[in-house]
Amino acid sequence: MRRVRPGAGASRGGTASRKVGEERALTSVAAGARYEETYEEPKDVPRLWHVTLSVSGAEAPLKEVRRGLEQLAHDHPFLLTSRYANDHAEIRYWEEARDLHDAAAVALRLWGEHRQTAQLPPWEIVGLEVIDRETYHYRIAEGFGPLPATPVGVHPF
């Protein structure tokens, strides 16, 4: 229930079109009709996005690739799982962002920003998928899309 000060407009989503003290016109509803209030999420509230980042490049020793991905997982605590080979890797994680553009921008910077600190191979990003939480769970329920990130951690392909 929404409470409003006496004399204040109680409009939703815009400015009050009535003057203080002016009564609101009543509208009729057909018999049997149901009132359905639509709720729209505020646009600036962060949401969870499932990110799959694929990188590839010249061959590197598997031991170094694994160590670098383990360090990345330590530096980036939301990392779910990483799979790797000597010339490519795939990283999956959840990102909290306002919209898809913000989530994708963070994902595209992830490898480059952590390359020095985690001593990652000098590979380039060759793929990026960013989907919202609802789409991720829908795909999993339908048997499509990436399998759930289990087991969590760093694993060879």
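Arg98 and Asp102 are joined by a salt bridge whose closest N and O atoms lie 3.0 Å apart, a salt bridge being a side-chain nitrogen of Lys or Arg within 4 Å of a carboxyl oxygen of Asp or Glu. The model is a predicted one, in which local features need pLDDT of at least 70 and side-chain atom pairs count only at pLDDT 80 or more, while totals for chains, interfaces and linings use all residues. Residues are numbered from 1 along each chain as its sequence is written, and side-chain values use heavy atoms, with hydrogens and water left out.

**Exercise 1.** Describe helix H2, its buried residues and what covers them.

*Solution.* Helices (H or I, at least four residues) and strands (E, at least two) are DSSP runs, numbered from the N terminus. H2 takes in residues 100-114, 15 residues in total, and spans 21 Å from first to last C-alpha, close to the 21 Å expected at 1.5 Å a residue. Its buried residues are Ala103, Ala104, Ala107, Leu110, Trp111 and His114. Their cover includes strands S1 (47-56), S3 (88-97) and S4 (124-132), together with helix H1 (62-75).

**Exercise 2.** Find the salt bridge between Arg109 and Glu113, and relate the two positions to the helix.

*Solution.* The two side chains meet at 3.3 Å, N to O. Both residues belong to H2 and are four residues apart, about one turn of the helix. An α-helix has 3.6 residues a turn, so residues three or four places apart point the same way. Arg109 is partly exposed at 41%, whereas Glu113, at 52%, counts as exposed.

**Exercise 3.** Decide whether Asp132 is buried or exposed, and identify its polar partner.

*Solution.* Asp132, placed in strand S4, is buried because its relative accessible area is 18%. Its side chain makes a polar contact (a pair of N or O atoms within 3.5 Å; within protein, one must be able to donate a hydrogen and the other to accept it, and residues adjacent in sequence count only if both atoms are side-chain atoms) with the side chain of Arg47, at 3.4 Å.

Conventions:
Expected span 1.5 Å × (residues − 1). Buried < 20%, exposed > 50% of the residue type's maximum accessible area, 1.4 Å probe, protein only. Contact = heavy atoms within 4.5 Å.
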